[in-house]
Amino acid sequence: FVQWLLELSVSSLLPSLNYQRKKTALLLMEALLETCTDSWSPNKRKGQPPQDMTELLNLARQSGNWDFFSQSNLQILLGCLMDGTNEVRSDMSVLLGVVAHGEAPEDACFQPLIFVTYLHQQLVEHYKVACTDLLQAAKAKPLHGLILALRKCLTEVPEILSSLRLQPLRTRWKLFISQLMDTLSNISHFLLDTLSGAHQFSSRGQ
C-alpha cells in the first residue's frame, strides 16, 4: 500500500496536472516521509518511529520499494519548485525540509552542503533565464520557490544547522554563503532595475 501511495503521489505532481491534485499529492508525500522514517525527532512528543522501523525500511529497500529518493522521483519533486502557483512552490519547500531532515543514503545529494549547493545552482540558472526573458522565467523557471526552499533549509533544518557548525566544513560553508549572498544581491538589483524600468531585456543576457 505504501509503495502504491508513493507512486500515486509522485505521478500526481507532473507539470501538466491541476493545482488541486498537486496540493493533495504534496500533503500525502509529506505524511509518507514523516511516517516512513527511522529518524528520531526531539521536537515531537508523539509519533516517534518504532524501534524496528530501521529493519522495515531496509527490507523494503532491498525489495526495490519505498525508494523516495530515486532520480526520477527527485526530478519530479524538484520540478514543483518551478510550478506556476506560489502555494505549490511553498509546499514543496516545506517537503524539501522534511526530506533533508530524514535519512538518505550517504552518497545521495541530500548531504546538507551538497543539497543546498544544488538548490543554489538551480537558482543561478533560473536567474540567468530571468535576465533574458522575465516572463518566460516567471512561467517556467520562477525564482520564488528556490529562494524559499533555501531559506527554510538554512534556518529550519536541524541537520543543516548542525553542518554549518562543523569545523571541517566551515570554509566550504563560508564560500557557499558568500556565493549565495552574491546571487541574492544580483537578483535584488535585477528586480529593482526591472521595477524602475532601467532593465532592458534586449541588451542584457545575464
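Leaving aside residues up to four places away in sequence, which residues does Lys23 touch? Lys23 touches Glu87 and Asp91. The model described here is predicted. Its chain holds 10 helices and zero strands, and 37% of its 206 residues are buried.

**Overall architecture**

- From the N terminus on, the elements of the chain run α-α-α-α-α-α-α-α-α-α, in keeping with the count of 10 helices and zero strands.
- Among contacts in the chain with a separation of 6 or more, 64% are accounted for by residues 24 or more positions apart.
- The chain has an accessible surface of about 12000 Å², and carbon and sulfur atoms account for 56% of this surface.

**The largest nonpolar core**

- The largest nonpolar core comprises 41 residues, of which Val116, Leu119 and Phe176 touch the most other members.
- The elements that give two or more residues to this core are H1, helix H2 (19–35), helix H4 (71–79), helix H5 (86–101), helix H6 (112–132), helix H8 (144–156) and helix H10 (170–196).
- Helix H6 gives the most to this core, with eight residues.
- In soluble globular proteins, nonpolar side chains tend to be buried together.
- Apart from its neighbours within four places in sequence, Phe176 is in contact with Leu113, Val116, Thr117, His120, Leu150 and Leu154.

**Cysteines**

- The structure holds zero disulfides.
- A disulfide is a covalent bond between the sulfur atoms of two cysteines.
- Cys131 has a relative accessible area of 0% and is therefore buried.
- Cys153 is likewise buried, because its relative accessible area is 0%.

- Ser9 lies in helix H1 and counts as buried because its relative accessibility is 1%.
- Not counting residues up to four places away in sequence, Ser9 touches Ala25, Leu28, Met29 and Leu32.
- Lys22 is found in helix H2; with a relative accessible area of 5%, Lys22 is buried.
- Beyond its neighbours within four places in sequence, Lys22 is in contact with Ser12, Leu13, Leu14, Pro15, Leu17, Asp83 and Val88.
- Lys23 also belongs to helix H2, and its relative accessible area is 19%, so Lys23 falls under the 20% limit and is classed as buried.
- The C-alpha atoms of Lys23 and Leu13 are separated by 8.5 Å, and these two residues are 10 residues apart along the chain.
- As stated at the outset, the residues that Lys23 touches, not counting those up to four places away in sequence, are Glu87 and Asp91.

- Phe1, Trp4 and Leu8 make a nonpolar surface patch of about 380 Å².
- Phe1 is placed in the segment before helix H1 (2–11).
- Phe1 is exposed, because its relative accessible area of 72% is over the 50% limit.

Conventions:
Residues numbered from 1 in each chain as written. Predicted model: local features only at pLDDT ≥ 70, side-chain atom pairs only at ≥ 80, totals over all residues. Heavy atoms only, no water. Patch = residues over 30% accessible without salt bridge, like charges linked within 9 Å, V, L, I, M, F, W, Y side chains within 5 Å. Areas by Shrake-Rupley, 256 points an atom, 1.4 Å probe, with all protein chains shown as cover. Salt bridge = Lys/Arg side-chain N within 4 Å of Asp/Glu carboxyl O. Helix = DSSP H or I, 4+ residues; strand = E, 2+ residues; numbered from the N terminus. Buried < 20%, exposed > 50% of the residue type's maximum accessible area, 1.4 Å probe, protein only. Contact = heavy atoms within 4.5 Å. Core = buried A, V, L, I, M, F, W, Y, C linked by side-chain atoms within 4.5 Å. Disulfide = S-S within 2.5 Å.
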